[in-house]
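Subject: Structure handover

Hello,

Here is the structure we spoke about. Notes on what was found in it follow below.

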Amino acid sequence: MGALPVFRWRLAPDGYATRRQLRARGLRPGGQPVAAQLERPRRRHGLLVAYLYRVDLARPVRPMTAAKRAALAKANAARRTCPSCRRDAGYVIPALLGTCVPCAYPDDQRTA
């Protein structure tokens, strides 16, 4: 297998797209290998690389099924449920805290 074609940032020819660009068009790579890469030099953190896929080989995004939708809703609900008080916090519990904010800082709660 040969080396990948390398393009400078924002200078890729038509017919190539990143995963995000494919998704915005309602497409997915569909099992195809990476076709090319973009490189963007940065001063402090080295080279930034983005992989490109061929648009003509991309496939449509699979539609969301009822089972997938239910599984996603269940997973998101679990991310919002506090393990200490078992209540829905209304937001995703921060991994750093591990519990909802009232459980993490019980002394900081102001009484009105």
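A residue is called buried under 20% relative accessible area, exposed over 50% and partly exposed in between (1.4 Å probe, protein chains only). Phe7, at 21% relative accessibility, therefore counts as partly exposed, and Tyr16 is partly exposed at 25%.

The model is predicted: local features need pLDDT of at least 70, side-chain atom pairs count only at pLDDT 80 or more, and totals for chains, interfaces and linings use all residues. Residues are numbered from 1 along each chain as its sequence is written, and side-chain values use heavy atoms, with hydrogens and water left out.

The structure has one aromatic pair. Phe7 and Tyr16 form this pair, which is tilted, at 5.8 Å centre to centre with 50° between the planes. Rings of Phe, Tyr and Trp (its six-membered ring) pair if their centres lie within 6.5 Å; planes under 30 degrees apart count as stacked, over 60 as edge-to-face and the rest as tilted.

Tyr16 is also among the residues that Tyr53 touches, not counting residues up to four places away in sequence (contact means heavy atoms within 4.5 Å). Others on that list include Arg19, Leu22 and Pro33. Tyr53 lies in strand β5, residues 46-54 (strands are DSSP runs of E, at least two residues, numbered from the N terminus). With 8% relative accessibility, Tyr53 counts as buried. The C-alpha atoms of Tyr53 and Ala24 are separated by 14 Å, and the two residues are 29 residues apart along the chain.

Leu47 is found in strand β5 too, and is partly exposed at 45% relative accessible area.

Regards

Conventions:
Helix = DSSP H or I, 4+ residues; strand = E, 2+ residues; numbered from the N terminus.
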